[in-house]
Structure formats: C-alpha cells, structure tokens
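Open the model in your viewer and keep the selection panel at hand. The stops below go from core to sheet to helix to rings.

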Amino acid sequence: SETDTPPALTDGFQLVIDALKLNGIENFYTVPGIPISDLLRMAQAEGLRVISFRHEQNAGNAAAIAGFLTKKPGVCLTVSAPGFLNGLTALANATTNCFPMILISGSSEREIVDLQQGDYEEMDQLAIAKPLCKAAFRILHAQDIGIGVARAIRAAVSGRPGGVYLDLPAKLFSQVLDEVEGKKSLVKVIDPAPAQLPDPSAITRALDVLKSAKRPLIVLGKGAAYAQADEEVRALVEKSGIPFLQMSMAKGLLPDTHPQSAGAARSMVLKDADVVMLVGARLNWLLSHGKGKTWGAPGSKKFIQIDIEPKEMDSNVEIVAPVVGDIGSCMSALLAGIDGNWPAPPADWVSAVSARREANIGKMAPKLMSNASPMNFHGALGALRRVVKERPDAILVNEGANTLDLARGIIDMYEPRKRLDVGTWGVMGIGMGYAVAAAVETGKPVLAIEGDSAFGFSGMEVETICRYKLPICVVVFNNSGIYRGTDVNPTGGSDPSPMVFMPDTRYDKMMEAFGGVGVHVTAPDELYRAVSEAMDSGKPTLINAVIDPAAGTESGNIGSLNPTSSVRKA
Ligand SMILES: Cc1ncc(Cn2c(C)c(CCOP(=O)(O)OP(=O)(O)O)sc2=O)c(N)n1
Ligand SMILES: [Mg+2]
C-alpha cells in the first residue's frame with residue numbers, strides 16, 4: 001500500500017546535473033573517463049549538449065571562450081590528476097583573460113589523498129588549482145552540491161570574471177539523498193554578476209579630465225567587448241567624437257572602418273595623445289605598460305581608466321581619473337554627463353588622426369592585392385579580409401606569430417565579439433577549442449586562421465570538428481615552420497634546422513582523413529574561392545594555404561621580447 005512506498009531518492013550524479021541546468025548551463029566541454037563518464041551519459045539523457053574532445057586543454061579552452069561569448073560560465077569536465085592537469089592551462093588562461101569558466105574535475109577521496117596512500121590518479125588537485133584560478137572549491141557531501149555549484153558560478157562571473165576550479169571526489173556522485181531534500185538543496189543564483197555602479201564624483205572627475213584634452217584617445221579593451229554594452233560603448237565614442245583604438249578582441253565593437261577609428265594610426269595616437277581613456281583595457285604588455293617610447297615623452301599623458309577591478313588602477317602608471325564599475329553602468333553614467341554642450345575634440349587632432357589612418361591604409365592596400373604564388377602573408381590575408389567583409393557575422397579565430405600579428409591589423413572586424421585570439425597571454429593552442437565553442441555556442445560559421453606551428457597544438461581536434469559536423473573552416477598558413485622556419489641547420493646540410501623547419505606538410509589531408517573537406521591552395525584568389533565555398537557549405541574544411549617560407553619575421557611583431565646573449569651569437 002502507499003504507506004510502505006519507499007521515499008523517492010536522488011544522488012550526487014543527478015544533483016550536479018540539476019544544479020548546473022537550474023543555472024542555465026546547457027553545454028559540457030569534456031574528455032570522458034573515470035569518475036565522470038556516467039555523469040556525462042546522464043547529462044546527455046537530460047538534454048545537455050556534451051562535446052567530447054581529444055585533449056582536455058582544448059575542452060578547457062572551449063569552455064573559456066564559451067564564457068567570453070555568453071557571460072555564463074563555460075563548463076569543462078575532466079577526469080582526475082592527468083585529465084585535471086591537462087585542463088589547468090586553459091583554466092589559467094581563462095583567469096588571465098578574465099573569461100568565466102568552471103573546471104570540474106573528479107578526484108580521489110580526501111582520506112586517501114591526505115594520507116598519500118597511492119590511489120588511482122591520486123593528486124591534491126584543489127591545492128594545485130588554487131594559485132592558478134580566481135576561486136577553488138571542493139564538495140564532499142551531496143546536500144552541499146547546490147550551494148557549491150552556486151558559489152562556483154557566482155565566483156566565475158561576478159566582478160572581474162575568471163576561472164574557477166570545482167573539485168568533486170568520486171564518492172560524492174553515488175551519495176544518495178531524499179529527492180525532496182535534494183530539490184530543496186539546489187540554488188538558482190540570484191543576480192550572479194551584479195551591476196557595479198561608479199561613484200558619481202569619479203564620473204565628474206573623468207569627464208573634467210576628458211574635456212580638458214587637446215588630443216584625446218579612447219582605448220577599448222576586451223573587457224568592453226565582454227560587457228555586451230555595445231550600444232552604450234558606441235554612443236559614448238560617437239557622442240564624444242573622440243578617436244578610438246580597439247584591442248584585438250575588442251575589434252568590431254565599432255567597425256574597424258568607422259571614421260573615428262585610429263586602428264591604422266596606432267603608433268601616432270599612442271605617442272601623441274595627451275588624455276587616454278581606457279575602457280576595459282589593462283595597461284599591460286600589450287599596451288607597453290603605459291610607458292616608454294610607445295607613449296612619447298614621459299609624463300605627457302593623463303590616464304582615465306574604467307575597470308570593474310579597483311586593484312587594476314595604478315597597475316603600471318598613475319591613473320588620474322579611476323572609474324570603478326561595470327562597463328555598461330560606467331558608460332551610461334559618462335553619457336549622462338556628456339550633455340548637449342560637450343566640446344568636440346580639437347579639429348586639428350581629429351583630422352591629423354584621420355590623415356595618418358588614411359595614409360597608412362593607402363600604403364597597405366597594394367600589398368593586399370598581391371596575387372603572388374607562393375603567397376606572402378599580405379596577399380593571403382588580403383583574400384581573407386575580403387571574405388570577412390562579405391561575411392561580417394562569421395566568427396574569426398586567430399593564432400600564430402606572423403599569421404596572428406599581421407591578421408590583427410589587416411582583417412577589419414564589423415561586429416562585436418567576432419574575433420577570438422590568443423589574448424593577454426599570447427598562448428598558442430587555443431585555435432580548435434575556441435573554434436568548436438564558437439560554433440557550438442553561436443551556430444555561426446567559424447573561420448580559423450592558423451599559423452602552421454600554432455595549429456599543431458590542437459590539430460587533433462579536427463576529428464572532433466568532423467564528428468560533430470561543425471561549420472568550421474580552418475585555414476593553415478603553411479610557411480613550412482615555426483615563424484620563418486629558415487634557421488640554418490647547425491649540423492650542416494642544405495635544409496634549415498628541423499627545430500623550426502617543417503617542409504612538405506599537407507594539413508588538408510588530416511581533414512580528409514576524418515571525412516571533412518581538404519583543399520590545397522597556392523594563390524590568394526584560390527584561397528578566397530575555397531573559403532567562400534566552405535562558408536557557404538558549412539562543411540568542416542581545412543585549407544592548406546602555402547606561404548613562402550622566406551616571408552615574415554621571427555616571432556612576428558614581438559621578436560624584441562626575445563632575450564639576446566651578449567657573449568654568443570645564437
Ligand atoms: C603554449 C605556447 N608554446 C609556445 C609558444 C611560442 N610561440 C610559438 C611556438 C609560435 C608559433 C609560431 O609559428 P606559426 O607557424 O604558428 O606562426 P607563423 O605565422 O609565424 O609561421 S608563436 C609563439 O609565441 C607560445 N606562445 N605558446
Ligand atoms: Mg609558420
């Protein structure tokens with residue numbers, strides 16, 4: 001009779017899935033294995049999309065960029081120890097780039113780890129993760145899964161976003177709980193990323209400094225892109241009339257072809273501006289730390305900085321007008337202060353910037369028309385620039401050295417969050433993970449422009465791309481090596497050193513091996529046609545674009561960062 005019907009039960013497996021689904025998580029990026037395989041099977045049965053990769057680093061990178069694109073934490077799940085370690089580079093990269101991501105790893109039981117009794121894949125993962133991420137938590141009891149997942153979500157997306165580690169010992173999953181109790185333990189996070197309004201006096205101070213400028217400049221960083229306050233950002237730039245620079249992953253917040261864009265006059269505006277307003281952009285190595293010859297005479301600049309992280313202020317140079325808050329709230333507050341009688345920036349400055357921009361674009365134009373074969377970087381990028389102009393909603397992924405540095409300046413972006421690249425850390429290997437998540441999260445076609453060495457870090461995921469039939473077109477700039485690949489071979493012989501020279505490679509055959517479309521091209525017009533066809537078909541495609549090995553330079557634009565010996569010639 002109904003009196004002896006046992007109470008319905010739930011367990012750790014179910015509660016982890018319920019907690020994540022309750023908070024809008026729809027996709028898992030993972031490599032299955034002990035102790036998470038059954039969790040993944042149950043997640044699929046519950047309608048979550050589980051994308052399984054060939055290496056956890058790529059699954060982690062996918063989760064990180066999913067976070068950047070959606071403002072919800074991307075979730076990567078791994079097995080313990082080696083699987084967890086493989087995910088760490090992506091967790092650290094997410095934290096460095098301020099992408100919200102949660103790395104969930106199975107782990108060994110505490111009592112065994114703490115006595116170091118030699119469990120299968122034993123490791124003190126929580127301790128190892130802590131220094132590499134924004135926050136790290138471990139859950140031991142099933143009734144804590146709801147609050148633990150809530151803590152991880154809020155830590156990932158609130159304030160400055162970042163990577164969070166969530167440690168789930170194997171025994172947690174099979175713990176049983178009364179179903180009603182279980183449901184009550186779940187937490188739907190309220191307002192996980194609360195708006196952080198700026199102090200009105202900070203806004204007034206910033207506007208006074210901006211108004212005083214003779215040569216103002218606005219620098220938009222990827223924090224401004226992440227904020228999805230696109231209208232407010234655009235309105236501030238256009239209402240102020242101030243020239244703007246967009247950092248790599250901020251490109252497209254306003255079109256690179258915008259009349260106020262100073263992208264093609266970067267060196268001039270950094271050197272000559274007298275007031276610089278940083279919006280979600282950190283004064284790190286990518287902006288030469290705000291000092292040195294890039295920035296003209298020492299002390300010639302006043303910096304206004306808008307950032308959600310108070311500790312970012314004065315990181316490298318004095319900030320005369322710090323504005324702490326989320327980008328959207330700060331933009332709205334600034335706009336409210338830019339009333340009808342806002343003085344347009346001095347016409348001589350605006351026209352000097354436009355003149356320099358147009359001159360530099362004019363100088364570059366003929367190089368982009370090159371139809372030379374074998375191709376040089378400019379000719380190949382000229383063809384891809386045309387594709388992106390015709391297909392502004394496609395998402396561009398980019399890594400390499402010359403392939404990255406030249407593409408950044410040559411390929412204009414027209415819409416926000418469409419350019420995904422190596423970001424703050426300059427890390428190689430993000431390519432295929434980012435491409436998979438961009439396709440999964442947005443459903444848009446993806447164009448991944450890869451240096452041949454950079455592609456090698458995540459190239460095995462070509463099989464993942466084919467297995468999930470994703471609309472990704474990978475263009476490998478095949479200049480036969482890392483950088484120029486032309487180092488002299490120290491052991492003699494005519495071929496350059498195999499340390500950097502990778503001749504006779506046909507990456508297109510890799511894609512064919514897994515059922516995708518492989519194309520081999522040696523001229524820009526062939527490249528243009530092949531990419532256009534791939535974007536139309538939506539089929540996984542890899543184009544092996546032959547680039548002259550003598551083209552380009554060592555390490556692209558950052559060769560100067562290489563230490564040099566004063567006693568020996570390398
Ligand atoms: C994880 C990792 N390993 C190594 C590097 C060093 N590195 C490496 C190995 C690059 C590859 C350059 O070769 P490429 O073929 O991708 O580019 P080109 O377009 O210059 O040929 S770029 C660069 O900074 C890195 N940034 N990140
Ligand atoms: Mg190369």
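Start in the largest nonpolar core. Of its 131 residues, select Phe28, Tyr29, Leu220 and Leu420, which touch the most other members. A nonpolar core here is a set of buried Ala, Val, Leu, Ile, Met, Phe, Trp, Tyr and Cys residues joined through side-chain atoms within 4.5 Å. Buried means under 20% relative accessible area, exposed over 50%, partly exposed in between (1.4 Å probe, protein chains only). A second, separate core has 31 residues, including Phe377, Ala380, Ala383 and Ala534.

This is a predicted model, in which local features need pLDDT of at least 70 and side-chain atom pairs pLDDT 80 or more, while totals for chains, interfaces and linings use all residues. Residues are numbered from 1 along each chain as its sequence is written, chains are lettered from A and ligands numbered from 1 in the order written, and side-chain values use heavy atoms, without hydrogens and water.

Strands pair if DSSP finds at least two bridges between them. Helices (H or I, at least four residues) and strands (E, at least two) are DSSP runs, numbered from the N terminus.

Zoom in on strand 12 (residues 302–307): 4 bridges join it to strand 13. Ile304 has Ala321 as its bridge partner in strand 13.

Move to helix 18 (residues 431–442). Of its 12 residues, 10 are buried, among them Met432, Tyr434 and Val440. Gly443 follows helix 18, with a positive phi near 75 degrees.

Finish with the rings. The whole structure holds 8 aromatic pairs. Rings of Phe, Tyr and Trp (its six-membered ring) pair with centres within 6.5 Å; planes under 30 degrees apart count as stacked, over 60 as edge-to-face, the rest as tilted. Select Phe455 and Tyr507: centres 5.7 Å apart and planes at 80 degrees, so the pair is edge-to-face. Phe455 is buried at 1% relative accessible area; Tyr507 is buried at 11%. Last, select Phe68, Phe99 and Tyr226, which ring pairs link into a cluster.
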